[in-house]
Amino acid sequence: MREMPKLVDELLQRALVCELAVIGADGRLVVHPLIPLWDGERVYMTSSILFSRKLEHIKRDGRVSLSITDPVATGGLTARCSIQGDARVVEDDPHETWEQVLPLWRAKEPAIDQFLGKRFALPLFFERSIIEVTPRRVYWWDDGDPSKPPRTATLAAAEAAR
Amino acid sequence: MKIDRRLFDKLATYPHAIVSWTDDDGYPLQTPALFEVDAGRGELVLAASGIALPVESEVNVTVSHIRPQPGTGYDQRRYIELWGRLQARGGARILAPARAWGWDEKETPFFEYSERSNEQARKYLAQVSAEQGRQVKPRLSRFWTFLLATRLPFLTATIVPVLLGIAVAAKHDHFNWWLALLTLIGGAAIHIGLNVANDVFDTLSGADAANVNPTQFSGGSRVVQRGLVTLRQMGALCLGAYAVGIAIGLFLVVYRGSLPLLIVGVIGVLLSVFYTAPPLKLVHRGLGEVTTALGFGPIMVVGAYLVQTKQWSAEPFVASIPVAILIALILYLNEIPDRRSDALVGKRTLPVRWSADIVTKAFLVAALAAFAAIAVSAVSGVIPLPTLLALLALPLVFQIYRGIREQYGAPYELMATLGKNVQLHAMVGVLLLVGYGISIAAAHL
């Protein structure tokens, strides 16, 4: 049991995109590129109701994985990681509940405020749900070379959640 | 399932993939992997991985790209997902994908992608409503909802001709401010009724639902498709707006005791109702431009003039001609992005009937005709000479012409040109009003 490895913590803070794998209705995995938002304990992503199939999948089966692998989207960091975890959908009010994570989103995509100011132009895009992932197990490659075995860690947060 | 060979060309542009499969605990497990594309065999050859890739198992292979734009966000979003069973060949792992799916914002712009997903949004909100035991609907402030539903910014199409009719009357020494204000409100109400009716009938015919490339100038208000307003509410809004407009019109007719005003008003209301309403559905028959030109040209200008003067005159009719042509051209160009969805539901507008070349050239001819009408009627003394100021807007015609020619097939790129076309109508209208203002001022000096 341990905290999030420092390198993975840095990847989560810097990554502009991750690939979230969820279990589809037929058992096949479906992967969605999303912006990962990290508060030091859980990974948050948001999804518009327009693209809400992933939310249906998560409600059916909350076991997920997300990976950060593209140095272009991590400001040049060459390390890579995959994080398995348990996801839940938070959407008390799809109109505004997601704004809880707006400060984290704004830090990665400052232009979000501009888009939000034009909410009237694409109103359904801003009806959103939060995907909250409690990390369970982490795999990471310090130098980003996927041909080498990754380092692994099981996280305290996941243990505590059990 | 046969995978399009072009997909393999695209795959070869990505530097690495992410392989995902389900581990023994039932969780998805992911690893980055280098790969090569064997387009001839329709296969991906995955390099050895530090986490052993599962053989004879179903996997998902995803390639993804995004370009960060520091300080703002990102662009160049694209990704491809492949599904299939991994096979071992020597030390390599081979995927001959059985299924593929992806999105590239260069091929399917984000706005179109979103528009295509409206149905999923509706379905999901119904599920959330059932889960939460209350109706969960998308929301927007009342101000924005009303503005969108009524397409209020397009009221310039009414304001320009009504003010022009009042200006011509003022030049003829007739001006009553409260009658002018009532005329403006009545005209605006009928215009709102028309806009909302257009949405109602385009929703019922399926034209708006079929349109996946709406822009701020075309494709309707989308408030029904996005679940912000119900069709019933739109129907009530439409009837309410027409009721206000007709009531004001009838009051003006009775107050002024003008039979010609009644005739003009009735024609105006009928044109606006049957623009999209059955059985005439004028816009479906390629008559939208003519209907719009009449309604927002002579009907409004002559009607506003009659309210003030109670007399017929040729001048308001002549003054309305350029405004009529330019308002028809707003509709005409706004139909370009809608032409495919319009064709699907039998809405045979001119851009549906004509080729891109004819549509483009016809715009130029019609726009130049509007300016020729101003020049001829001003020089011949039918309208005041200072209205020649409106010719200052002429360069916009050529900018718009170039824009249509270059962006005909690209709805979102065309938006700037459609915006300029709206400006052209407003600018010519304002300059004609300035010309009348100068003429009136000069007469009183």
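Chain B and chain A bury about 5,100 Å² between them in this predicted model. Carbon and sulfur atoms account for 61% of that area. The contact draws 61 residues from chain A and 59 residues from chain B.

**Chain B's side of the contact**

- Tyr27(B), Gln30(B) and Tyr124(B) supply 14% of the area that chain B buries against chain A.
- Four strands of chain B each supply at least two residues to the side touching chain A: S1 (17–22), S2 (28–33), S5 (58–69) and S6 (73–89).
- Helices H2 (110–115), H3 (118–132) and H4 (142–150) of chain B also each supply at least two residues.
- H3(B) gives the largest share of this side, with ten residues.

**Polar links between the chains**

- There are 30 residue pairs in polar contact between chain B and chain A, both residues at pLDDT 80 or more.
- Six salt bridges are counted between chain B and chain A.
- The side chains of Lys59(A) and Glu131(B) meet in a salt bridge, at 2.8 Å from N to O.

**A nonpolar surface patch on chain B**

- A nonpolar surface patch covers about 670 Å². Its residues are Ile246(B), Leu250(B), Leu259(B), Leu262(B), Ile263(B), Val266(B), Ile267(B) and Leu270(B).
- Helix H8 (231–256) and helix H9 (259–273) of chain B each give two or more residues to the patch.
- H9(B) gives the most, with six residues.
- Val266(B) lies in helix H9 of chain B. Its relative accessible area is 43%, so Val266(B) counts as partly exposed.

Terms used
Residues are numbered from 1 along each chain as its sequence is written. Chains are lettered from A and ligands numbered from 1 in the order in which they are written. This is a predicted model: local features need pLDDT of at least 70, side-chain atom pairs count only at pLDDT 80 or more; totals for chains, interfaces and linings use all residues. Side-chain values use heavy atoms; hydrogens and water are left out. Patches are made of residues with over 30% relative accessible area and no salt bridge: like charges are joined within 9 Å, nonpolar side chains (Val, Leu, Ile, Met, Phe, Trp, Tyr) within 5 Å. Accessible areas come from the Shrake-Rupley method with a 1.4 Å probe; for residues, only the protein chains shown count as cover. A salt bridge is a side-chain nitrogen of Lys or Arg within 4 Å of a carboxyl oxygen of Asp or Glu. Buried means under 20% relative accessible area, exposed over 50%, partly exposed in between (1.4 Å probe, protein chains only). Contact means heavy atoms within 4.5 Å. Buried area is the accessible area (1.4 Å probe) that two parts lose on being put together, summed over both. A polar contact is a pair of N or O atoms within 3.5 Å; within protein, one must be able to donate a hydrogen and the other to accept it, and residues adjacent in sequence count only if both atoms are side-chain atoms.
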